[in-house]
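Please keep the coordinates at hand while reading.

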Amino acid sequence: MKKFFAVALLFALALTMCGTVFAADKKPVVGLVMKSLSNEHFKKMEEGVRKYTEEDGSYELIARGMNSETDIDTQISIIENFIAQGIDVMCIAPADSMGIAPFVKKAVDAGIVVVNFDNPLDKKALTDNGLPEDFVYVGPNDEYGAYLVAKYMGETLGKGAKVILLEGSPGADNARQRQNGFLQGVEETGLVVLADQTAHWEIEEANTVLTNLLTIHGDEVQGVITAADGMAVGSIKALEAAGLGGKVLVSGYDNQDQVRPLLLEDKLAATVDQFGATNAYEAIKVGIRIMNGEKLSGWIKTPSELVTKNDLK
Amino acid sequence: MDTKKIAYLMLNEAGIGVVLVFLCLVFSVFVPKFATMNNISNIFTQISINTVIAVGMTFVILLGGIDLSVGSVLALCTILAGLTITKETLPLGAAIPLAVLASMAAGMACGLFNGWVCERWKIHSFVVTLGMLNMARGAVLQVSNSRTIYSFPKEFNAFGTLSYYGIPLIFIIAVLLVLIGHFILKKTVFGRMIYAIGNNEEAVRLSGHNTKIYKVTAFVICGATVGLAAILYMLRLNIASPILGNGFELSAIAAVVIGGTSMSGGKGSLIGTLIGAAIIGVLNNGLLLMGMSDFARQIVTGAIIVAAVIIDTYRARLSKMLS
């Protein structure tokens with residue numbers, strides 16, 4: 001019996017403590033659900049958002065991420081924890097455009113304002129789970145960004161120039177969108193595609209795949225368009241090893257820190273910046289506006305910008 | 001030596017080589033440019049890192065163990081070496097050897113931990129190295145703050161593209177390692193003990209030998225080869241990244257198993273492992289040159305791995321008949 005009272009007392013104490021914490025804190029609590037923090041894109045996003053939050057000061061931020069890009073389970077438990085915690089706004093970059101939709105519905109039903117960012121939820125999955133098709137999404141247009149960089153490559157190389165495309169993982173939405181964008185830009189500028197292969201976003205795989213493709217196309221290729229900076233790095237190494245360094249134009253995507261010196265040394269022709277941190281901050285602000293009664297829906301586009309050597313100066 | 005004995009030796013030591021030769025012939029006929037010096041040189045480069053890791057993995061598998069942590073440990077080694085080599089306060093002459101040392105030391109430390117925990121508490125290495133897979137990955141993300149390290153000194157990068165008569169330096173290093181390992185396994189007491197323990201640990205223990213020392217050493221050797229592979233990776237791609245190496249353990253295990261090493265230990269050779277790594281490399285290269293799509297390539301590669309091992313069971317039967 002004594003034990004029971006002790007435990008009950010502890011519980012009561014804990015509850016009042018929680019209560020006071022929440023009562024003292026009138027700021028809305030925003031949960032940010034990212035994908036893998038081992039990915040430089042999300043790590044930079046996390047750091048950037050923390051900085052913006054400090055400057056802004058009008059909300060509390062809880063930022064969460066997973067260990068790997070496709071770790072859907074962890075993301076689901078993060079959402080469930082946020083629901084249990086009773087946060088006000090949740091901004092989510094879904095690890096899976098379809099699989100996460102039912103849990104977004106759960107959060108919405110629990111009274112949380114949910115904003116989708118970075119990677120759009122699938123339209124059909126949204127309606128299947130009783131959510132509006134024009135569910136608010138804040139993010140860049142990967143297709144447009146990819147179109148920009150492919151068009152730049154086409155204009156620089158000239159009509160009829162021959163290129164190789166290296167794509168992200170098949171099945172990933174942004175990989176598919178980037179591929180669509182590349183193909184649009186390629187078609188519009190009259191580039192000839194020698195090969196369109198995946199390298200699963202990996203540096204080493206891009207190096208291997210391109211090295212092998214160069215065996216067939218080494219004497220005719222003029223440009224390599226890649227869907228990620230890491231793959232561009234692997235490609236540049238492959239070209240150098242094949243004695244084609246500097247002779248073939250390479251483009252990347254994401255504008256990561258690692259490609260800066262490559263742009264300056266003219267080894268990389270272009271990349272695309274999608275401003276991860278500002279994008280996430282934008283999503284948070286949209287969430288707070290909705291919480292305050294504004295009606296927002298559909299795709300709120302954030303910028304995608306072409307970055308070349310000239311932009312670095 | 002009579003023909004029967006020669007046939008027996010060929011079957012036993014290099015039987016899987018038949019599959020490699022067959023694949024190379026098929027690709028040479030159907031894929032123009034496959035059998036060019038340039039392409040073969042590319043394949044050499046592409047299989048070097050996997051070969052080096054697979055050498056260490058062979059020691060572990062010969063003892064009936066497994067090391068799932070090699071991919072993560074590889075990433076850890078590259079980052080530690082990358083941090084050392086890009087340290088501005090170090091003169092270049094010291095930075096490069098120190099980076100190699102850091103990489104090897106980190107690999108061996110992880111291996112020592114794996115081996116020691118397995119032996120001290122009698123836990124299967126599958127579990128312990130699975131734990132290490134996570135620990136090393138977490139550690140490397142922590143140490144690097146999930147950032148990639150690049151811009152190594154030019155002097156270091158220059159090593160990566162070195163080649164002699166079309167044979168890349170990193171492949172020469174890999175083959176030397178295979179030969180040294182082969183010598184150790186076949187010609188030294190230590191090597192004989194590895195096979196003996198793999199075959200029947202209890203018998204070796206009862207005859208008064210300390211089997212633990214050998215098993216821990218095998219993991220340390222595996223760690224050391226991962227440390228070396230990390231340096232080769234950096235030479236090849238001039239980059240150190242906390243997210244590299246995912247799935248490398250599976251490629252290494254595949255090379256070992258295709259090479260005829262038994263998963264339950266006690267049987268196998270490093271020459272087989274080298275051939276196993278070459279089969280994987282030749283398949284990746286040849287199928288891509290044929291213009292096969294990524295999905296089809298995965299299916300065919302998987303199927304050929306299984307087929308190679310099925311053929312190997314016939315080889316084993318045949319060699320038993322001959323002996």
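Which residue of chain B forms a salt bridge with Glu47(A)? The partner is Arg147(B), and the closest N and O atoms of the pair are 2.8 Å apart. The model is a predicted one.

## The interface of chains A and B

The rule finds 2 salt bridges across the interface of chain A and chain B. The pair Glu47(A) and Arg147(B) is a salt bridge between the two chains.

Four elements of chain A give two or more residues to the side that touches chain B: α2 (40-56), β7 (192-198), α8 (203-217) and α9 (229-241). The largest share comes from α8(A), with 10 residues. By type, the residues on this side of chain A divide into 8 nonpolar, 11 polar and 8 charged.

The contact counts are 27 residues of chain A and 27 residues of chain B. The size of an interface is often given as the accessible area lost when the parts come together. Here the area buried between chain A and chain B is about 2600 Å². Carbon and sulfur atoms give 53% of that area.

Side chains of opposite charge can pair when their charged atoms come close. Over all chains, a search of the whole structure finds 21 salt bridges.

| Pair | N to O distance | Relative accessible area |
|---|---|---|
| Lys44(A) and Asp257(A) | 3.4 Å | Lys44(A) 30%, Asp257(A) 32% |
| Lys309(A) and Asp266(A) | 3.2 Å | Lys309(A) 24%, Asp266(A) 53% |
| Glu294(A) and Arg289(A) | 3.2 Å | Glu294(A) 37%, Arg289(A) 36% |

Take Lys44(A) and Asp257(A), whose closest N and O atoms are 3.4 Å apart. This pair links distant parts of the chain, 213 residues apart. Lys44(A) sits in helix α2 of chain A, and Asp257(A) in the loop between β9 (249-251) and α10 (260-264). Lys44(A) is partly exposed. Asp257(A) is partly exposed too.

What does the salt bridge of Lys309(A) and Asp266(A) look like? Their side chains meet at 3.2 Å, N to O. Lys309(A) lies in the segment after β12 (305-308) and Asp266(A) in the loop between α10 and β10 (270-273), so the pair ties together parts that are 43 residues apart in sequence. Lys309(A) counts as partly exposed at 24%. Asp266(A) counts as exposed, because its 53% is over the 50% cut-off.

Glu294(A) and Arg289(A) form a further salt bridge. Glu294(A) is partly exposed, and Arg289(A) is partly exposed as well.

Some charged residues are linked in a network. Lys237(A), Glu240(A), Glu265(A) and Lys267(A) are joined in this way by salt bridges.

## Cysteines

How many disulfides does the structure hold over all chains? The count is 0. Cys118(B) is in no disulfide: the nearest cysteine sulfur, that of Cys222(B), is 11 Å away. Cys24(B), in contrast, is partly exposed at 24%.

Ser72(B) lies in helix α4 (residues 70-85) of chain B. Is Ser72(B) buried or exposed? Its relative accessible area is 3%, under the 20% cut-off, so Ser72(B) is buried. Neighbours within four places in sequence aside, Ser72(B) is in contact with Leu133(B), Ala136(B) and Arg137(B).

Ile96(B) has its place in helix α5 (residues 92-120) of chain B. At 17% relative accessibility, Ile96(B) counts as buried, because that value is under 20%. Which residues does Ile96(B) touch, not counting those up to four places away in sequence? They are Ile85(B) and Phe156(B). The C-alpha atoms of Ile96(B) and Thr78(B) are separated by 13 Å. Along the chain, Ile96(B) and Thr78(B) are 18 residues apart.

Note on methods. Residues are numbered from 1 along each chain as its sequence is written. Chains are lettered from A and ligands numbered from 1 in the order in which they are written. This is a predicted model: local features need pLDDT of at least 70, side-chain atom pairs count only at pLDDT 80 or more; totals for chains, interfaces and linings use all residues. Side-chain values use heavy atoms; hydrogens and water are left out. Contact means heavy atoms within 4.5 Å. Buried area is the accessible area (1.4 Å probe) that two parts lose on being put together, summed over both. A salt bridge is a side-chain nitrogen of Lys or Arg within 4 Å of a carboxyl oxygen of Asp or Glu. Ala, Val, Leu, Ile, Met, Phe, Trp, Tyr, Cys and Pro count as nonpolar, Asp, Glu, Lys and Arg as charged, and the others, Gly among them, as polar. Buried means under 20% relative accessible area, exposed over 50%, partly exposed in between (1.4 Å probe, protein chains only). A disulfide is a pair of cysteine sulfur atoms within 2.5 Å.
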